[in-house]
Amino acid sequence: MKIPDTTTAAEGGATVGRQERRRRKLHDHLYDTAVGLFVAHGFEATTMEQIAEAADVARATVFNHYAQKIGFLEEWGTRRRARVAGILGAQHAEDLPVDDRLRRYLEEMADLNIGSRAETSVLMDASARYGRLLQDPSLEVELARIVEEGLSRGEIRAGVDCGQAGELLAMCYFSTVLRWVREEPAPFDLQARLRGALDIVLTGLLAGREDTGRP
């Protein structure tokens with residue numbers, strides 16, 4: 001019986017790991033290059049050829065990573081949600097009451113937008129015009145999950161449609177940010193506006209104090 005060559009297998013695994021790291025590094029380089037060009041020249045005016053030239057790669061390489069230019073917009077949204085999820089996870093926000101947890105989520109999203117207003121202005125607007133910003137359910141699914149967990153703990157009023165609540169919160173977030181980015185200078189305090197909108201929505205979501213036992 002021949003014993004498998006475990007050394008070769010291990011080396012092969014290491015090779016795959018290196019290849020994946022190189023692929024990820026190139027993917028990140030293309031993403032960063034594209035976002036920089038979008039901010040500098042606008043999304044519509046930037047071509048895949050320009051992205052390839054600025055990244056110093058072949059045009060086909062860009063298409064291997066992003067089949068369409070809107071793929072950069074979709075990844076921009078995905079990265080932002082992942083960043084917020086990581087921040088809240090490190091803070092153990094899942095242990096907070098549902099209203100505080102929703103506030104923390106929107107606060108972190110607002111902080112990202114405020115900290116990169118130029119980038120947000122270009123990419124959020126482009127996502128609304130050319131992407132699937134208002135059709136992509138990713139944000140509403142995440143918010144609906146938070147509402148559903150609150151419902152399971154008795155913090156949300158019985159009978160609330162968690163999916164509809166997530167949709168409402170997501171649309172509120174997007175419409176507020178789009179109004180905020182389409183004027184220069186910023187027409188209002190984004191954090192305060194989102195807090196106010198959430199307070200209105202929570203009035204319909206939260207169970208009565210006598211139901212939760214909270215003061």
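The side chain of Glu75 makes a polar contact with the side chain of Arg79, at 2.7 Å; a polar contact here is a pair of N or O atoms within 3.5 Å, where, within protein, one must be able to donate a hydrogen and the other to accept it, and residues adjacent in sequence count only if both atoms are side-chain atoms. The model is a predicted one, in which local features need pLDDT of at least 70 and side-chain atom pairs count only at pLDDT 80 or more, while totals for chains, interfaces and linings use all residues. Residues are numbered from 1 along each chain as its sequence is written, and side-chain values use heavy atoms, with hydrogens and water left out.

Glu75 belongs to helix α4, which spans residues 70–90; helices (H or I, at least four residues) are DSSP runs, numbered from the N terminus. With a relative accessibility of 15%, Glu75 counts as buried, given that buried means under 20% relative accessible area, exposed over 50%, and partly exposed in between (1.4 Å probe, protein chains only). Apart from neighbours within four places in sequence, Glu75 is in contact with Arg24, His27, Tyr31 and Tyr66, contact meaning heavy atoms within 4.5 Å.

Attention now turns to charged pairs. Across the whole structure, a search finds 19 salt bridges, each being a side-chain nitrogen of Lys or Arg within 4 Å of a carboxyl oxygen of Asp or Glu. One of them joins Arg79 to Asp28, with the closest N and O atoms 2.8 Å apart. This pair links distant parts of the chain, since Arg79 sits in helix α4 and Asp28 in helix α1, 51 residues apart. Both partners are partly exposed, Arg79 at 29% relative accessibility and Asp28 at 25%.

A second example links Arg59 and Glu49, whose side chains meet in a salt bridge of 2.4 Å, N to O. Arg59 lies in helix α3 (residues 59–65) and Glu49 in helix α2 (residues 48–55), so the pair ties together parts that are 10 residues apart in sequence. Arg59 is partly exposed at 44% relative accessibility, and Glu49 is partly exposed at 39%. Elsewhere, salt bridges that share partners join Arg24, Asp28, Glu75 and Arg79 into one network.

Within helix α1 (residues 6–41), Glu20 and Arg23 are three residues apart, about one turn of the helix. These two form a salt bridge, their closest N and O atoms being 3.2 Å apart. Glu20 counts as partly exposed at 41% relative accessibility, as does Arg23 at 35%. Helix α1 also holds His41, which counts as exposed at 55%. On a 1 Å grid over the protein atoms alone, a pocket is an open set of points where a 1.4 Å probe fits, with protein on both sides within 12 Å along at least five of seven lines, and lining residues have an atom within 4 Å of a point. The lining of the largest pocket has 18 residues, of which Leu73, Gly77, Arg81, Leu133 and Asp136 lie nearest its centre. Helix α4 gives the largest share, seven residues.

Technical notes:
Helix = DSSP H or I, 4+ residues; strand = E, 2+ residues; numbered from the N terminus.
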